[in-house]
Amino acid sequence: MSGIKRRQFLGTLGKAVIWSSPLLAMGCARQNEAPSGKAPAVITNKTFEWKMVTTWPPHFPALGEGAEHFARWVEDMSAGRLKIKVYGGGELVPPLQVFDAVSQGVAEMGHGASYYWAGKAPAAQFFAAVPFGMNAQQMHAWIDAGGGMELWRELYAQFNLVPFPGGNTGVQMGGWFNKEIHSLEDLKGLKMRIPGLGGKVIAKAGGSAILSAGGEIYTNLERGVIDATEWIGPYHDYLMGFHRIAKYYYYPGWHEPGTVTELICNKAAFEQLPTDLQHIIRVAAWRLNTWVLSEFESKNTEYLQKILAEGKVQIKKFPDDVLEKFRQLSQEVIQEVVEKDPFSKKVYQSFHQFQQRVGEWATVSEKMYYNVLMR
Ligand code: CA
């Protein structure tokens with residue numbers, strides 16, 4: 001920045017201070033960023049070489065790819081002071097051991113989805129996806145500006161972790177089946193790969209929910225270890241090849257309406273970083289969040305067309321009464337989780353209140369707009 005431009009820029013900042021009002025002050029007071037801990041405020045030239053383990057196969061499009069972008073952005077923004085080597089699932093630790101590995105400091109960072117850790121921290125799944133919960137935009141609003149981030153940080157601090165949202169898939173698809181779903185009867189005995197709270201709903205409906213990492217699903221479906229699977233949406237599901245081994249592709253993804261993927265940092269490692277590197281991680285995490293969502297939104301559009309054009313798969317909507325049953329069972333599942341675990345109760349209270357309020361707003365904003373737009 002030239003001397004004159006820099007003075008002009010500083011002058012603008014000065015005006016912003018003069019014009020500050022109670023309303024602006026409220027915005028500034030939002031405490032939604034990860035704690036800077038006791039990190040020294042000074043910027044040093046010390047370099048850090050970190051490892052990031054992920055739940056995705058190596059170089060997995062959008063997700064692993066996003067984690068690799070994140071590492072590059074951090075290295076570029078820090079002028080090489082923080083280098084992060086990204087490992088695919090199984091390269092350093094198995095995919096579903098990412099949480100433990102980062103918690104124990106085997107790796108300083110991890111990328112995955114918080115519903116994978118429901119067995120260790122039931123409340124974690126509310127930060128990934130809730131059946132009939134909020135969409136991507138609303139999840140981001142809850143996490144960033146509605147109290148979600150503070151709760152997420154409080155929960156993960158118990159595991160020596162600092163969480164950040166690190167991507168969003170947008171609304172997912174309902175899954176791949178080899179038989180039509182006319183009623184809940186058709187789910188009886190069905191072995192379906194489906195994680196999180198949605199999996200518990202399938203189990204309640206008489207099926208069995210299986211949690212497996214992305215790299216294993218195709219083979220399991222092909223060999224009949226599972227009868228059905230959900231994954232993400234047209235783009236990723238096509239790359240996974242499910243259209244070659246399943247006949248029916250159902251929508252909507254009632255179980256994952258805007259799934260947040262997460263970045264996690266070992267808390268002690270994060271707090272040892274100088275404050276500027278901590279900020280670089282926060283900023284790069286939000287950039288990753290947007291990048292992943294944009295990637296899915298644009299490529300889902302393209303791949304839905306591709307699947308339709310190839311005409312080999314029947315794309316079907318779940319019947320309304322099946323969706324209504326899923327909704328009722330989801331309420332029961334959530335109720336059971338919050339009754340057993342006090343932290344889940346606290347998180348769900350915040351989630352639910354936010355969803356109700358944002359729903360009132362969406363009724364006069366987005367819902368109305370979609371009605372007008374897509375008549
Ligand atoms: Ca999914």
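## Donors and the calcium site

Donors are N, O and S atoms within 2.8 Å of the metal, or 3.2 Å for Na, K and Ca; water is not among the atoms, so sites may look incomplete. Along this chain, the donors of the calcium ion follow the spacing Q-x57-E-W-x24-E. The ion is coordinated by Gln172 (OE1), Glu230 (OE), Glu230 (OE), Trp231 (O) and Glu256 (OE), at 2.1 to 2.9 Å.

This is a predicted model: local features need pLDDT of at least 70, side-chain atom pairs count only at pLDDT 80 or more, and totals for chains, interfaces and linings use all residues. Residues are numbered from 1 along each chain as its sequence is written, and side-chain values use heavy atoms, with hydrogens and water left out.

Buried means under 20% relative accessible area, exposed over 50%, and partly exposed in between (1.4 Å probe, protein chains only).

## The chain as a whole

The protein chain has 14 helices and eleven strands. Helices (H or I, at least four residues) and strands (E, at least two) are DSSP runs, numbered from the N terminus. Of the 375 residues, 51% count as buried.

Contact means heavy atoms within 4.5 Å. Take the contacts with a separation of 6 or more: residues 24 or more positions apart account for 80% of them. The chain exposes about 17,800 Å², and carbon and sulfur atoms supply 55% of that. Accessible areas come from the Shrake-Rupley method with a 1.4 Å probe; for residues, only the protein chains shown count as cover.

Five strands form an open sheet in the order 2-1-3-10-4, with mixed pairing. Strand 2 (82–87) and strand 4 (161–168) stand at the edges, each with a single partner strand, so one side of each has no neighbour in the sheet. The twist averages 25° from one strand to the next. Two strands pair if DSSP finds at least two bridges between them.

Look at strand 3 (residues 109–112). Met109 and His111 point one way, Gly110 and Gly112 point the other way, and all are buried. Strand 3 pairs with strand 1 (residues 48–54) in the parallel sense, over three bridges. Here Met109 is the bridge partner of Met52, and Gly110 is that of Val53. Strand 3 also pairs with strand 10 (residues 260–266), in the antiparallel sense and over four bridges. In strand 10, Glu262 is the bridge partner of Gly112.

## Helices on the sheet

Helix 3 (residues 63–77) lies across strand 1, strand 2, strand 3 and strand 10, and runs at about 165° to strand 2. Helix 6 (residues 148–157) packs on the sheet too, touching strand 4 and strand 10. Its direction makes about 130° with that of strand 4. Axes are lines fitted to C-alpha atoms, for helices over the stretch in contact, and angles run from 0 to 180 degrees between N-to-C directions.

## The nonpolar core

A nonpolar core is a set of buried Ala, Val, Leu, Ile, Met, Phe, Trp, Tyr and Cys residues joined through side-chain atoms within 4.5 Å. The largest one here has 111 residues. Which residues have the most contacts inside it? They are Trp50, Phe70, Phe177, Ile281 and Phe326. Helix 11 (residues 275–310) gives the most to this core, with eleven residues.
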